Amino acid sequence: MPSFLTVLPLAFVMIAGPQILSAIFLATSEKWAKNSAAFLAGVLIAVTLFVSIAYVVVRLLSDAAGSSHESTTHRWIDGGLLLLLAFAAWNTWHGRKTSKPPKWMGKLEDATPKMSFRLGFLLLGLFPTDIATNIVVGSHLARGGDPWWYCLPFVLLVLLFEALPVLFVLLLGKRAQVILPKVRDWMNTNSWVVSEVVLIFFIFLEAKNLWGS
């Protein structure tokens, strides 16, 4: 299986929580088209930037180590990724009891495109679980010697997930106003379960790499 297919499930971890809830709120805001477009632009830049930084750093470390120290370098990388995945799993578990969206989301109904762009960038780039996930994806691909463009399917899938609320509005019109709140409630209550399953899968995957390196 190509490496970029292996990391695709982590796209769900990226959007589970305030990330997709924000996209839903913005899709139902007064300036929904401009706000959603600005939010998605922030998402695209943030995910591309931080995944690429992780990829480049790990690739440089691997190249600098040389063939004689390649196994040791990969062992350290795998160990670091295991710690990041464990942190992401703990953070997801710790936040599972949150039954209501954060209070600041109530302000998104009056959001501006500038605020929406900043929100997309910060949530997908600097939210704790997303920091860990971005690093894991970029590092995992670089550690395997894959080309940089293997990061792009992951980036585009995250973008697609975040675009789903506004796509529902474009396709369904007023019916989306009924569907999206139900989707929001389901995601707010159950998305942590899916995220935890994905993270545990990758913990086993990185543990396998560590033991085999």
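User: Gly-79: buried, partly exposed or exposed?
Analyst: Partly exposed in this predicted model.

User: Which helix is Gly-79 in?
Analyst: Gly-79 is in helix H5, which covers residues 70-94.

User: And how far is Gly-79 from Ala-207, C-alpha to C-alpha?
Analyst: The two C-alpha atoms are separated by 8.0 Å. Along the chain, Gly-79 and Ala-207 are 128 residues apart.

User: What share of the contacts join residues at least 24 apart?
Analyst: 87%, counted among contacts between residues at least 6 apart in sequence.

User: OK, overall makeup. How many helices and strands?
Analyst: Nine helices and zero strands. Read from the N terminus, every element in the run is α: α-α-α-α-α-α-α-α-α.

User: What percentage of the chain is buried?
Analyst: Buried residues account for 46% of the 213 residues.

User: And what is the accessible surface?
Analyst: About 10900 Å² for the chain, with 70% of that belonging to carbon and sulfur atoms.

User: Which residues make the nonpolar surface patch?
Analyst: Ile-45, Leu-49, Ile-53, Val-57, Leu-61 and Phe-117 make a patch of about 490 Å².

User: Which helix gives the largest share?
Analyst: Helix H4, residues 32-65, which supplies five residues of the patch.

User: Why would residues three or four places apart point the same way?
Analyst: An α-helix has 3.6 residues a turn, so residues at that spacing end up pointing the same way.

User: Take Ile-53. How is it classed by accessible area?
Analyst: Ile-53, which lies in H4, is partly exposed at a relative accessible area of 42%.

User: Switching to H8. What span should it have, and what is the end-to-end distance?
Analyst: H8 runs over residues 151-172, 22 residues in total. At 1.5 Å a residue it should span 32 Å, and the C-alpha atoms at its ends are 32 Å apart, so the two agree.

User: Where's the kink in H8?
Analyst: At Leu-164, shortly before the proline Pro-165, with a bend of about 45 degrees.

User: Is Pro-165 itself buried or exposed?
Analyst: Pro-165 is buried. Other buried residues in H8 include Phe-154, Val-158, Glu-162, Ala-163 and Val-169.

User: What follows H8?
Analyst: Gly-173, with a positive phi near 65 degrees.

Definitions and conventions:
Residues are numbered from 1 along each chain as its sequence is written. This is a predicted model: local features need pLDDT of at least 70, side-chain atom pairs count only at pLDDT 80 or more; totals for chains, interfaces and linings use all residues. Side-chain values use heavy atoms; hydrogens and water are left out. Helices (H or I, at least four residues) and strands (E, at least two) are DSSP runs, numbered from the N terminus. The expected span of a helix is 1.5 Å times one less than its number of residues. The bend at a residue is the angle between axes fitted to the seven residues ending there and the seven starting there. Buried means under 20% relative accessible area, exposed over 50%, partly exposed in between (1.4 Å probe, protein chains only). Patches are made of residues with over 30% relative accessible area and no salt bridge: like charges are joined within 9 Å, nonpolar side chains (Val, Leu, Ile, Met, Phe, Trp, Tyr) within 5 Å. Accessible areas come from the Shrake-Rupley method with a 1.4 Å probe; for residues, only the protein chains shown count as cover. A salt bridge is a side-chain nitrogen of Lys or Arg within 4 Å of a carboxyl oxygen of Asp or Glu. Contact means heavy atoms within 4.5 Å.
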